[in-house]
Amino acid sequence: MGNGRFIAFEGGEGAGKSTQARMLADILEQRGFEVVLTREPGGTPGAEVIRNLLLDPPGNGWGAEAEALLFAAARADHVARTIKPALERGAWVISDRFVDSSRAYQGGAGHVGDEAVQALHAIGSGGLRPDLTILVEIDERRMLERLAERDGDDSDAIGGRSREYHRAVGQAFHDLAGRDPDGFAVIDGGGSPDEVQARVLAAIESFLDTQS
Ligand code: TMP
């Protein structure tokens with residue numbers, strides 16, 4: 001492996017992760033690093049097809065276990081074809097969501113369980129963990145406002161689930177971060193994108209120091 005780091009952004013719906021992932025990628029590029037900005041589900045042609053199957057499912061949609069398997073399959077392709085090669089050549093990888101989304105959505109809110117999700121991740125992706133997972137948290141009222149702004153009446157199969165489901169996702173993320181304070185940085189997603197970005201940069205400062 002080279003000097004690149006693997007950073008994942010996580011959080012519930014409308015937390016501002018995608019904006020922050022893009023802003024961080026821009027800053028790192030400006031500092032001269034090679035950066036691969038990617039997302040889940042997705043990040044390879046095959047995983048993008050699985051993304052469509054998950055977010056716009058055929059028929060009556062997927063059961064909880066099938067959904068967890070599909071996310072794990074998309075991730076296995078993403079890790080093998082995009083993330084690992086990038087890290088091996090020393091690039092930074094910034095992923096908008098990774099396995100902790102499966103742990104919170106399918107494992108926690110979807111009741112598949114954390115052990116099962118971790119087992120699928122071990123089989124599919126060798127259990128790869130980011131160097132740091134940045135959990136962007138916003139309160140529930142803000143999440144509902146941002147969802148309404150983002151999706152209107154046109155939410156996808158997962159974003160459109162009940163308020164209780166999304167509350168359980170938020171709680172599951174919070175609990176995961178609480179159990180692994182070294183692996184997670186919990187960031188307040190409130191305020192302007194620039195304000196949130198300053199918090200993100202503070203969280204990854206130690207990685208940047210070791211590179212300059
Ligand atoms: P996005 O809206 O952040 O692009 O993510 C797509 C949706 O997929 C979002 O509702 C979160 C959900 N998701 C899971 O349920 N499990 C996962 O493992 C991932 C990566 C995403």
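Visitor: How many helices and strands does the protein chain have?
Guide: In this predicted model, the protein chain has eight helices and five strands, and from the N terminus on these elements run β-α-β-α-α-β-α-α-β-α-α-β-α.

Visitor: And what about the overall dimensions, what does the C-alpha trace span along its principal axes?
Guide: The C-alpha trace spans about 50 × 40 × 30 Å along those axes. The radius of gyration of the protein chain is 16 Å, which agrees with a compact globule, because a globule with 212 residues would have a value near 17 Å.

Visitor: What share of the residues counts as buried?
Guide: Of the 212 residues of the protein chain, 48% count as buried, while the accessible surface comes to about 10100 Å², with 49% of that belonging to carbon and sulfur atoms. Among contacts with a separation of 6 or more, 77% are made by residues 24 or more positions apart.

Visitor: Let's move to pockets; how much space lies in the largest pocket?
Guide: The largest pocket holds about 650 Å³ of space, and it is lined by 34 residues, of which Gly14, Lys17, Ser18, Arg97 and Arg150 are the closest to its centre.

Visitor: What volume does the second largest pocket have?
Guide: The second largest pocket has a volume of about 260 Å³, and among the 18 residues that line it, Ile138, Met143, His166, Gly170 and Gln171 are the closest to its centre. Two or more residues of this lining come from each of β4 (132-137), α6 and α7 (163-179).

Visitor: Which of them gives the most?
Guide: Helix α7 gives the most to the lining of the second largest pocket, with seven residues, and the lining as a whole has seven nonpolar, six polar and five charged residues.

Visitor: Which residues line the largest cavity?
Guide: Its lining is made up of Ala68, Ala72, Arg75, Ser102, Val117, Leu120, His121, Gly124 and Ser125, which divide into four nonpolar, four polar and one charged. Helices α3 and α5 (114-125) each supply at least two residues of this lining, and α5 gives the most, with five.

Visitor: Since α3 came up, is Thr82 buried or exposed?
Guide: Thr82, which lies in helix α3, has a relative accessible area of 16% and is therefore buried, as the cut-off for that class is under 20%. Leaving out residues up to four places away in sequence, Thr82 touches Val36, Thr38, Gly43, Thr44 and Asp77.

Visitor: One more: where does Asp56 lie?
Guide: Asp56 lies in the loop between α2 and α3, and because its relative accessible area is 61%, against a cut-off of over 50%, Asp56 counts as exposed. Asp56 and Ile158 are 102 residues apart in sequence, yet their C-alpha atoms are 9.0 Å apart in space.

Note on methods: Residues are numbered from 1 along each chain as its sequence is written. This is a predicted model: local features need pLDDT of at least 70, side-chain atom pairs count only at pLDDT 80 or more; totals for chains, interfaces and linings use all residues. Side-chain values use heavy atoms; hydrogens and water are left out. On a 1 Å grid over the protein atoms alone, a cavity is a set of points where a 1.4 Å probe fits but cannot get out, and a pocket is an open set with protein on both sides within 12 Å along at least five of seven lines; lining residues have an atom within 4 Å of a point. Grid points are joined across faces, edges and corners, and a volume is the space filled by probe spheres set on the points. Helices (H or I, at least four residues) and strands (E, at least two) are DSSP runs, numbered from the N terminus. Ala, Val, Leu, Ile, Met, Phe, Trp, Tyr, Cys and Pro count as nonpolar, Asp, Glu, Lys and Arg as charged, and the others, Gly among them, as polar. Buried means under 20% relative accessible area, exposed over 50%, partly exposed in between (1.4 Å probe, protein chains only). The radius of gyration is taken over C-alpha atoms; the globule rule is 2.2 Å times the number of residues to the power 0.38. Contact means heavy atoms within 4.5 Å. Accessible areas come from the Shrake-Rupley method with a 1.4 Å probe; for residues, only the protein chains shown count as cover.
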